[in-house]
Amino acid sequence: MKSKSVQRRDTAPGVAGKRSKCAATPTQVPRRTQLLEPSIRLLTAVPICDGHDSAINTINLEFIRCGIEVVYLGYHRSARDIVRAATQEDVRAIGLSSYNGGHVEFFTEVVELLKRQGANDIGVFGGGGGTITKADAAIMQKKGVDRIFFAGTPLSEIVKFVKIAYNTHRRAGWRAGGETISDRRIARMLTAAETGDRDEAACFRAAPAKGIGPTTIGITGPGGAGKTTLIDELVLRFLKASPRTRLAILSHDPSLIGQGALLGDRASMVYSQDDRVFMRSLATRGQAGGLSPGSGRCLQLLKRGGFDRVFVETVGIGQEAAPFGGEPVDRVILVMSPEYGSRLQLQKIVMLDVADIVVLNKSDLSGAKTAAAEIEQRLALNGRGQKLIPTVARRHRDSGVDELFRLAIS
Ligand code: B12
């Protein structure tokens, strides 16, 4: 299980009123070839110099409970990071929660940046307790913000607005121009690739392959092992080592069919919010095993997108999962922490047979030395020369991450 799994039961009680009646019923798991229903996708964030994330966390949970996919970027985020993420993720709208002032300027900057990117089909809305006055809201709406919600608004009213204003019918405003047009185009094609949309699938097949294909690296492991932090540190090293090339990340979070998802990997990534990184978050839409029914199509597309490396991060997996069987990648990295239980548990982890490299992250924890010895023994039985690398991904300039980068990424 992934640590950031969707907490449906923990959905916060309605703020200033009852929760909306919108709980979706899970249906059966789709076959891989099945078309997926497009979902309303939003990006939410808290502006720069603002750490008030409690409101947006509550609102995010209500959105996902009502079947909306939410890419959460976190707090203290610049307008540029927000707009880059929104265009790459091909969301319908950006929801901002602002409490520390400067909202008129900040929201306006987001609207302006979207326009400059040829992305004013992406709406902007938000709120901020008592700090955004009605007079400010009127100015913001004149500048192109769709709507501001004030203190005391029932969550059901917000969800109703989103479902009407940002339904799956895309509004006009997308144009083939702007600074990051190729990212925008890739983002739109990824949406078609994810859902398997018949009309737009042709454009996926027609996507020109730029240069030779990238190295693809699959990163998997149990929830809480530190995969996202590790990828972010690898991205930092890649950006330093290759000043001109770009990389892509295809990241996954869990969801059931017809239900929303909290796509939260971006919130814990710092270095990956960069113009040279293209990141896309996918919900698993009821598919077990770590990836989504559309992952293979999206990976094929990213391979043609002119990137130098493509990382694929799975959701937190269980013992029996082998996520890259169906969607082959060049290198498979299994990330574990020392907290796997007894030595016997190691015999049951299928990925220990499949991975090219095993990373023992959090190797500063007590018990890590024993864990390393036990995993080494387990790998030796495979006789495949698989390497074990101990890392502490949350530590800057960690020598283990350096070694992993040299061996698997550079
Ligand atoms: C809780 C809180 C904190 C917590 C934050 C915890 C957290 N992790 O979020 C703590 C104690 C840490 C904190 C710290 C600070 N705070 Co404070 N904080 C508040 C407080 C009391 C409530 C905010 C809140 O979360 N409300 C709960 C939400 C759910 O209710 P709501 O605001 O009514 O939300 C509704 C709508 O606004 C709307 N909405 C809100 N966001 C969004 C987003 C979207 C997309 C949509 C659609 C709708 C929407 O929908 C909601 C549903 O009804 C406010 C006062 C206030 N009444 O707003 C001060 C307040 C925001 N804080 C303030 C200040 C000054 C600070 C500090 C600078 C204090 C200090 N000197 O250290 C720090 C700064 C922290 C930082 N890093 O930015 C000031 C800001 C003043 C200003 N802007 O001019 C306020 C207004 C208090 C005051 N009156 O002075 N704070």
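Two residues are in contact if their C-beta atoms, placed from the backbone, lie within 7 Å. Axes are lines fitted to C-alpha atoms, for helices over the stretch in contact, and angles run from 0 to 180 degrees between N-to-C directions. Helices (H or I, at least four residues) and strands (E, at least two) are DSSP runs, numbered from the N terminus.

The model is predicted: local features need pLDDT of at least 70, side-chain atom pairs count only at pLDDT 80 or more, and totals for chains, interfaces and linings use all residues. Residues are numbered from 1 along each chain as its sequence is written.

**Stop 1: a helix over strands**

Select residues 79-89, helix α2. Helix α2 lies across β1 (41-45), β2 (69-72) and β3, and runs at about 165° to β1.

**Stop 2: the sheet**

Now show the open sheet of 6 strands, which has parallel pairing and the order β5-β4-β3-β1-β2-β8. Two strands pair if DSSP finds at least two bridges between them. The edges are β5 (147-149) and β8 (261-263); each has a single partner strand, so one side of each is left without a neighbour in the sheet. From one strand to the next, the twist averages 25°. Pick out β4 and β5, which run parallel and are joined by 3 bridges. Opposite glycine 126 stands isoleucine 148 in β5.

**Stop 3: around the ligand**

Select the ligand and the 31 residues around it, of which Gly51, Ser54, Gly95, Gly127 and Gly129 come nearest; a residue is near if its C-beta atom, placed from the backbone, lies within 6 Å. Two or more residues of this shell come from each of α1 (54-65), β3 (93-97) and β4 (123-127). With 5 residues, α1 gives the most. By class the shell has 12 nonpolar, 17 polar and 2 charged residues. Ala, Val, Leu, Ile, Met, Phe, Trp, Tyr, Cys and Pro count as nonpolar, Asp, Glu, Lys and Arg as charged, and the others, Gly among them, as polar.

**Stop 4: two residues with positive phi**

Most residues other than glycine have a negative phi. Go to aspartate 90, in the loop between α2 and β3. Its phi is positive, about 50°, although aspartate 90 is not a glycine. Aspartate 90 is buried, with 25 other C-beta atoms within 10 Å (buried means 20 or more, exposed 12 or fewer, partly exposed in between, with C-beta atoms placed from the backbone).

Then select arginine 397, in the loop between β13 (387-390) and α13 (399-409). Arginine 397 has a positive phi near 55° and is exposed, with 9 other C-beta atoms within 10 Å.
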